[in-house]
Structure formats: C-alpha cells, structure tokens
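Hello,

I'm passing along the structure we talked about, and my notes on it follow below. Please have it open while you read.

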Amino acid sequence: MKEQGRSASWLARQLCCDRTNIYKIYRRKSIDTDVLQKISDLLGYNFFELYKK
C-alpha cells in the first residue's frame, strides 16, 4: 500500500468498512481468504503467491 501511496482510509472506503477495521485486519494473525482476495484485487498484487511452494 505504501508503494502505491494508499492509506488505511482508502482501503476502508474500497472495502466499505471503517478505518478502524483495517487496523484490526493488520493486527490479526490470520485473514479471511475472501478479504485477502479483495485486497489483492484492489492493490493488483496476488498475496496468495506468497503461500505457494
């Protein structure tokens, strides 16, 4: 997000949630795959590739 100049507020608007929910996502040990897919699509980065081996 930093590389793209995106903020937590921007992500919250895109996901139709409150900014505080974004900070909660950051602190979690895990993330729902649906949410991760949405974030991947929004940022144009496939986070699932990090888990392929």
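Helices α1 and α2 are roughly perpendicular to each other. Keep in mind that this is a predicted model. The angle between helix α1 (residues 8–15) and helix α2 (residues 19–27) is about 105°, and their axes lie 8 Å apart. Since angles of 65 to 115 degrees count as roughly perpendicular, this pair falls into that class.

If you click through the contact, you will find A8, S9, L11, A12 and L15 on the α1 side. They meet R19, I22, Y23 and Y26 of α2. Sorted by class, this contact is made up of 7 nonpolar residues, 1 polar and 1 charged.

**Around α1**

Which residues of α1 are buried? They are A8, W10, L11 and A12. The buried residues of α1 pack against α2 and also against α3 (33–43). Have a look at C16 too: this residue follows α1 and has a positive phi, near 55°.

**A salt bridge**

The count of salt bridges comes to 1. The partners are E49 and K52, with their closest N and O atoms 3.5 Å apart. With a cut-off of 4 Å for such a pair, the E49–K52 contact qualifies as a salt bridge. As for how accessible the two partners are, E49 has a relative accessibility of 43% and therefore counts as partly exposed. K52, with a relative accessible area of 55%, is exposed.

Happy to go through any of this with you.

Best wishes

Methods: Residues numbered from 1 in each chain as written. Predicted model: local features only at pLDDT ≥ 70, side-chain atom pairs only at ≥ 80, totals over all residues. Heavy atoms only, no water. Axes fitted to C-alpha atoms, helices over the stretch in contact; angles between N-to-C directions. Helix = DSSP H or I, 4+ residues; strand = E, 2+ residues; numbered from the N terminus. Parallel < 35°, antiparallel > 145°, perpendicular 65-115°, else oblique. Contact = heavy atoms within 4.5 Å. Nonpolar A, V, L, I, M, F, W, Y, C, P; charged D, E, K, R; others polar. Buried < 20%, exposed > 50% of the residue type's maximum accessible area, 1.4 Å probe, protein only. Salt bridge = Lys/Arg side-chain N within 4 Å of Asp/Glu carboxyl O.
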